[in-house]
Amino acid sequence: MDQGTLPGAGHGSHHDTGSSNAMAVSATLHCLTGCAIGEILGLMIGTALGLGNLATIAVAIGLAFLFGYALSTLPLLRAGLGLGAALTVVLAADTLSIATMELVDNLVMAVIPGAMEAGLVNPVFWLSMMLALTVAFFAAWPVNRHLLARGKGHALTHHFHGAEPEGARRYIPDLATSTLVAAIVAFMLGGLVVSVADELEGPPSDTAHAVPRDGSGTREFSAPPR
C-alpha cells in the first residue's frame, strides 16, 4: 500500500516535542506489551518442553513478533482496514521497534547468570524478565521517537485509533495500552510473589517420628533413615 494514500499519513513530523515524546512512550509501551506476552509465553513453553536456551529464545522471539503485530493489527481492523492492508501498515510501523526490543531483551536475559535456567517458579526469572523489559523499553523509545518525527513508525497507525467501528467490526477488541500494561505488570508481579512464596516455603524438614519399637506399648523416638 502506498503510504501517501493513508489518511493522515506524513503528519507525524508536525507534532511538537512534548507530543512526540508522549506518542513515543505510548508506542513503545504498546510494542512492549506484545513482546512481553510473547517472551513470557515462549519461555514457559521452552521450560515445559525442556528446550535448550537457543530454541527457547527462538520460540520467545517468534511469539513476541506474533503478539506484537496482532495487538497493532486489531485497531486497524476495527477502524475498517482489510487484513492485508492492516498487516502492510503494521509491518512498516512496528518491525524495527519490536526487533530492537527483542535484541535487547534477550541479550539482557542471556547475560544475567542463571536467568534462562531459573524456571518459572524462581524469583531470578521474574526479576530478570522485569529488568530485561525495562532496558528494552529505554532502548526502543528513541527508535520510536525517531520514526514518529519522520512520519513513520506508529505515525502510520495513530490516526486509525479511536475510529468508530461499523457492523461486525464493533466486536473486535479495543485494548487500551494502559490496560495491557496493567495486565502484564500484574501478571509478572503475581509470578514473582508465587516464586518468592515457594522459595520461602522451602523443602520439608526432617522431623522425629514416634515409632513403636516393642510390644510393651512403650515408644522410643527415632529420626527417619537417611
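Author: Phe125 and Trp126 are both buried, where buried means under 20% relative accessible area, exposed over 50% and partly exposed in between (1.4 Å probe, protein chains only). Their rings form an edge-to-face aromatic pair, 4.9 Å centre to centre with 85° between the planes. Rings of Phe, Tyr and Trp (for Trp the six-membered ring) pair if their centres lie within 6.5 Å; planes under 30 degrees apart count as stacked, over 60 as edge-to-face and the rest as tilted. The model is predicted: local features need pLDDT of at least 70 and side-chain atom pairs count only at pLDDT 80 or more, while totals for chains, interfaces and linings use all residues. Residues are numbered from 1 along each chain as its sequence is written, and side-chain values use heavy atoms, with hydrogens and water left out.

The structure holds four aromatic pairs. Phe137 and Phe138 make an edge-to-face pair, because their planes stand at 85° with the ring centres 5.2 Å apart. Phe137 has a relative accessible area of 14% and is therefore buried, whereas Phe138, at 58% relative accessibility, counts as exposed.

Phe125 and Trp126 also belong to one aromatic cluster with Phe187. Phe187 is in turn part of a nonpolar surface patch with Leu41, Met44, Ile45, Leu49 and Leu51, about 500 Å² of accessible area together. Patches are made of residues with over 30% relative accessible area and no salt bridge, like charges being joined within 9 Å and nonpolar side chains (Val, Leu, Ile, Met, Phe, Trp, Tyr) within 5 Å. A salt bridge is a side-chain nitrogen of Lys or Arg within 4 Å of a carboxyl oxygen of Asp or Glu. Accessible areas come from the Shrake-Rupley method with a 1.4 Å probe, and for residues only the protein chains shown count as cover.

Helix H1 (residues 17–49) gives the most to this patch, four residues; helices (H or I, at least four residues) and strands (E, at least two) are DSSP runs, numbered from the N terminus. Leu51 lies in the loop between H1 and helix H2 (53–79) and, at 35% relative accessibility, is partly exposed. H1 also holds His30, which is buried at 5% relative accessible area. Beyond its neighbours within four places in sequence, His30 is in contact (heavy atoms within 4.5 Å) with Leu71, Ser72, His154 and Thr177.

For the whole, the protein has six helices and two strands, and 38% of its 226 residues count as buried.
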